[in-house]
Amino acid sequence: MAKVGIIMGSDSDLPVMSKAADVLAKLGVDFEMTIISAHREPDVFFEYAKGAEAKGFKVIIAGAGKAAHLPGMCAALFPMPVIGVPMKTSDLGGVD
């Protein structure tokens with residue numbers, strides 16, 4: 001059972017988010033990596049975030065380029081810690 005959920009808004013976020021997976025794998029921490037767009041697939045996102053604790057997740061690491069709301073939306077629904085990963089984008093450079 002995965003203890004950490006890693007989610008991203010699209011596969012274009014994979015180069016950044018895969019670094020978290022690499023660290024967790026080196027530490028021997030079970031994780032599940034998923035691509036979920038909160039604004040393109042809201043029902044899938046809500047099901048994931050609301051069901052993450054029941055799946056045994058202790059933390060979610062979330063990041064999405066050009067859509068900085070993904071970590072905040074996770075935090076609103078998931079009662080455990082959420083780590084938001086800033087994404088460097090051409091628009092705001094990750095400061096949003």
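Which residues in H2 meet which residues in H3? Phe45, Phe46, Ala49 and Lys50 in H2 meet Leu70, Met73, Cys74 and Leu77 in H3. The model is predicted.

**Overall fold**
- The protein chain holds three helices and four strands.
- Read from the N terminus, its elements run β-α-β-α-β-α-β.
- The protein chain has 96 residues, of which 36% count as buried.
- Take the contacts between residues at least 6 apart in sequence: 62% of them join residues at least 24 apart.

**Helices H2 and H3**
- Two packed helices are described by the angle between their axes and the distance between the axes.
- Helix H2 spans residues 42-51, and helix H3 spans residues 69-77.
- Their axes come within 8 Å.
- The axes cross at roughly 50°.
- Roughly parallel would need an angle under 35 degrees, and roughly perpendicular would need 65 to 115; H2 and H3 are therefore oblique to each other.
- The crossing of H2 past H3 is right-handed.
- By residue type, the contact of H2 with H3 divides into seven nonpolar, no polar and one charged.
- Lys50 in H2 is the charged one, because Lys counts as charged.

**Phe45**
- Phe45 lies in helix H2.
- Is Phe45 buried or exposed? Its relative accessibility is 0%, so Phe45 counts as buried.
- Leaving out residues up to four places away in sequence, Phe45 touches Leu70, Met73, Cys74 and Leu77 among others.
- Phe45 and Met73 are 28 residues apart along the chain.
- The C-alpha atoms of Phe45 and Met73 are separated by 9.2 Å.

**Ser10**
- Where does Ser10 sit? Ser10 is in the loop between strand E1 (4-8) and helix H1 (14-27).
- Ser10 has a relative accessible area of 19%. Buried means under 20%, so Ser10 is buried.
- The side chain of Ser10 makes a polar contact with the side chain of Ser12, at 2.7 Å.
- Beyond four places away in sequence, Ser10 touches Ile35 and Arg40.

Note on methods. Residues are numbered from 1 along each chain as its sequence is written. This is a predicted model: local features need pLDDT of at least 70, side-chain atom pairs count only at pLDDT 80 or more; totals for chains, interfaces and linings use all residues. Side-chain values use heavy atoms; hydrogens and water are left out. Helices (H or I, at least four residues) and strands (E, at least two) are DSSP runs, numbered from the N terminus. Buried means under 20% relative accessible area, exposed over 50%, partly exposed in between (1.4 Å probe, protein chains only). A polar contact is a pair of N or O atoms within 3.5 Å; within protein, one must be able to donate a hydrogen and the other to accept it, and residues adjacent in sequence count only if both atoms are side-chain atoms. Contact means heavy atoms within 4.5 Å. Axes are lines fitted to C-alpha atoms, for helices over the stretch in contact, and angles run from 0 to 180 degrees between N-to-C directions. Angles under 35 degrees count as roughly parallel, over 145 as roughly antiparallel, 65 to 115 as roughly perpendicular and the rest as oblique. A crossing is left-handed if the near helix is turned anticlockwise from the far one by less than a right angle, and right-handed if clockwise.
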